Amino acid sequence: MIVPDDGVLMVLCCWIKPELETRAQFVLLIMAARRVSSLLSRSFTSASSFSKGRSSSVSRGIGKYSTAAAAAVEDPITPPVIVGHTKLLINGQFVDAASGKTFPTLDPRTGDVIAHVAEGDAEDVNRAVAAARKAFDEGPWPKMTAYERSRVLFRFADLIEKHNDELAALETWDNGKPFEQSAKIEVPMFARFFRYYAGYADKIHGLTVPADGPYHVQTLHEPIGVAGQIIPWNFPLLMFAWKVAPALACGNTIVLKTAEQTPLSALYVAHLLHEAGLPPGALNIVSGFGPTVGAPIASHMDIDKVAFTGSTATGKIVLELAAKSNLKTVTLELGGKSPFIVCEDADVDKAVEMAHLALFFNQGQCCCAGSRTFVHERVYDEFVEKAKARAEKRVVGDPFKGGTEQGPQIDSDQFEKILKYIDYGIKGGATLETGGEQFGSKGYYIKPTVFSNVKDDMQIAKDEIFGPVQTVLKYKELDEVIKRANNTRYGLAAGVFTQNIDTANTLTRALRVGTVWINCFDVFDATIPIGGYKMSGIGREKGIYGLQNYLQVKAVVTPLKNPAWL
């Protein structure tokens, strides 16, 4: 059974009858289209934090693109699916919001409504927190043996693999990313994350430490309690895994907010997690908007820890709310403006392909995207020409169509923001090599865009665009590019392309970022930690470091009477 991406109809999960599992019997709920901007007007940050609308100068940049590929976008493939889970998950049950309100989740290929999802608010957060607190204080999850918890997580990973195509289709439909990316990379990686942390569940332990005196001293690594988690829209499933898997492995309970643009896949996998044996209350999901769900989670007095992935502006608000409430611990994975440095000894063809991946992957909607491409002057002109050619070959279209490399942007606001920055680049004096306008006339597609002759003080070189816009900057000396690469408020990641190990080592240690990829990019193995320097975040996720976010260390000291040794 193929299930569309997080967006049209959520798959009818456990209670769908086998005899109904045929394509002909799926019911497609096609509703009136509605612009996403109505949703984002209630974004987590205040209206002043974001630029709304689009200038006339950007509007003039949108043109027709009359090709066969564009025509295919006008007639999108219809994924066969029924959305079965659109309600809130509280205490093991899918329930309506207390207010009875719903909001639409949209297909970014068209702007059409996929389904209406329960819209939570502070009252629902309170209900979810109460369920999570009871499940932690009284329920079986933290009291299970670590081995039993690991078995639940392993069973869940098996179910994910069983439903790979359904999940991939949901993720693609709701988010717009290519189905092949969802099915072959992201869903398998989701299962891998849960298996990784399932394996750690029964290997979490403290230490016995010597003391200067007759004392037995041990440390206990205890679950932190109720964790609040807020995930973004660009990688809904993977961000769910990054946060939920380590928290559950450590024995915590969770209240999770989905992104309002992509709520469906989290609700579907939550059903599978309970099918795998997760007890009620251990995971609760409240869909909704930042001010009415995100803020109550960050400021809740009975939540012990909050983890957030999203923009730096919103991360600051989360940190402030956590501090003003109960001073809960906070993990933040925030924005980036990552440098991708092409050295003078680089194989230009390989460098072009890697830089293309670093920027355009996931429609450019990646926090660690290599969005400042620094190229040595010796190879600069050759690189620009080949980067332009590669961008023009990139296949843009319906993400359900085989061979598609780039689907639509997530929504109208992001679409308009990207076009606005393209206009900034043109007006700022950068050279628009290719792209720079809408692809087709329906949905939120943008042509792959390449700018050359970009200067450090241009907005397109300073701000996180979060779209398919490559900016190529020229440099002369290694010391120069180190200073320029570090001259940013961000510090999430960097890429280095060189054949010289000494150059690689010099850059690795000099760049003030959380991850440096040498002759590769976007390697997101479960074992590799990710997190940022400066305004790119606090703490690390993934790998063994991800467990530390959800554990407390307790020292236990006991006097020894007449010890045989110390």
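K554 and E222 form a salt bridge, with their closest N and O atoms 3.1 Å apart; a salt bridge here is a side-chain nitrogen of Lys or Arg within 4 Å of a carboxyl oxygen of Asp or Glu. Since K554 lies in strand 20 and E222 in strand 6, the pair ties together parts that are 332 residues apart in sequence. Helices (H or I, at least four residues) and strands (E, at least two) are DSSP runs, numbered from the N terminus. K554 is partly exposed, with a relative accessible area of 39%, and E222 is partly exposed as well, at 26%. For these labels, buried means under 20% relative accessible area, exposed means over 50%, and partly exposed lies in between (1.4 Å probe, protein chains only).

The model is predicted: local features need pLDDT of at least 70, side-chain atom pairs count only at pLDDT 80 or more, and totals for chains, interfaces and linings use all residues. Residues are numbered from 1 along each chain as its sequence is written, and side-chain values use heavy atoms, with hydrogens and water left out.

The predictor's confidence in each residue is pLDDT, on a scale from 0 to 100. The chain averages 89, and 87% of the residues score at least 70. Over residues 1–68 the pLDDT stays under 50. For that stretch the model has 199 contacts beyond four places in sequence, a contact being heavy atoms within 4.5 Å. Where pLDDT is low, the predicted coordinates should not be read in detail.

Two strands count as paired if DSSP finds at least two bridges between them. Nine bridges join strand 6 (residues 215–223) to strand 20, and H221 has V553 as its bridge partner in strand 20.

The salt bridge count comes to 27.

| Salt bridge | Closest N and O atoms |
|---|---|
| R109 and D398 | 3.0 Å |
| E161 and R195 | 2.8 Å |
| K554 and E222 | 3.1 Å |

R109 lies in the loop between strand 3 (102–106) and strand 4 (113–118), and D398 in the loop between helix 13 (380–393) and helix 14 (412–428), so this pair ties together parts 289 residues apart in sequence. Both R109 and D398 are buried. E161 in helix 5 (residues 146–162) and R195 in helix 7 (residues 179–200) are 34 residues apart. E161 is partly exposed at 46% relative accessible area, and R195 is partly exposed at 24%. A network of salt bridges links R133, D137, D302 and D304.

A nonpolar core is a set of buried Ala, Val, Leu, Ile, Met, Phe, Trp, Tyr and Cys residues joined through side-chain atoms within 4.5 Å. The largest has 104 residues, of which F190, F194, F240, L283 and F383 touch the most other members. Beyond four places in sequence, F190 touches F156, I160, L237, L238, F240, A241 and V269.

Zero disulfides are found in the whole structure, a disulfide being a pair of cysteine sulfur atoms within 2.5 Å. The sulfur of C367 is too far from its closest cysteine sulfur, in C368, for a bond, because the distance is 4.8 Å. C367 is buried, with a relative accessible area of 14%, whereas C520 is partly exposed at 23%.
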